[in-house]
Amino acid sequence: MEITKRAYPVFIKEDGKQSLVYIPDWELFTEGDSVADAIAMARDAIGLAWVDCVGHEPVPSSYNDAKKKAKKQADDANFHYSDGILTYVDVDVVKYSEKLRNRAVRKNVTLPYWLNEKAEEMGINFSRVLQDALLQAVEG
């Protein structure tokens, strides 16, 4: 059975107004405006990393192993993630993948000037018209 959800150890440490995040199993860094935002950013970072390497994702570390990794990572004697908050953040990779598939993608199109002017005068939603036309074309 394929694993679709795991919880990874995450260190969060306050630095001024920011909550800085280190995810040792993925060797990722991110930040948030609050602890709650930092957890959301950690979940997003893990989700993106997991989607990129499905089947090769790391096994979550134990508490002690996560602390060791965080201490080893420290390159600044005055700032160690290992003495921050250690929490676990879970990610459901199936739900995260679906979220990514449904995100909007920006596309540029070229139109004759007169058609653009007329459509704007009429208040036509270009994105909606293009989406409807593409759906009709692919569903056939």
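## Strands 1, 2 and 4

Glu 14 stands opposite Ser 19, a residue of strand 2. This pair belongs to a predicted model, in which strand 1 (residues 5-15) and strand 2 (residues 18-23) run antiparallel and are joined by five bridges. Have a look at the turn as well: the hairpin of strand 1 and strand 2 has two residues between the strands, and Gly 16 takes a positive phi near 70° there.

Strand 1 also pairs with strand 4 (residues 85-92), again in antiparallel fashion, and here eight bridges join the two.

## A nonpolar patch on the surface

Moving on to the surface, you will find a nonpolar patch formed by Val 109, Leu 111, Trp 114, Leu 115, Phe 126, Leu 130 and Leu 134. Together these residues have about 660 Å² of accessible area.

Which helices supply at least two residues each to the patch? They are helix 4 (113-121) and helix 5 (126-139). Helix 5 gives the largest share, with three residues.

## Val 109 in its loop

Where does Val 109 sit? Its place is in the loop between helix 3 (93-101) and helix 4. Val 109 counts as exposed because its relative accessible area is 54%, and the cut-off for that label is over 50%.

Conventions. Residues are numbered from 1 along each chain as its sequence is written. This is a predicted model: local features need pLDDT of at least 70, side-chain atom pairs count only at pLDDT 80 or more; totals for chains, interfaces and linings use all residues. Side-chain values use heavy atoms; hydrogens and water are left out. Patches are made of residues with over 30% relative accessible area and no salt bridge: like charges are joined within 9 Å, nonpolar side chains (Val, Leu, Ile, Met, Phe, Trp, Tyr) within 5 Å. Accessible areas come from the Shrake-Rupley method with a 1.4 Å probe; for residues, only the protein chains shown count as cover. A salt bridge is a side-chain nitrogen of Lys or Arg within 4 Å of a carboxyl oxygen of Asp or Glu. Helices (H or I, at least four residues) and strands (E, at least two) are DSSP runs, numbered from the N terminus. Buried means under 20% relative accessible area, exposed over 50%, partly exposed in between (1.4 Å probe, protein chains only). Two strands pair if DSSP finds at least two bridges between them.
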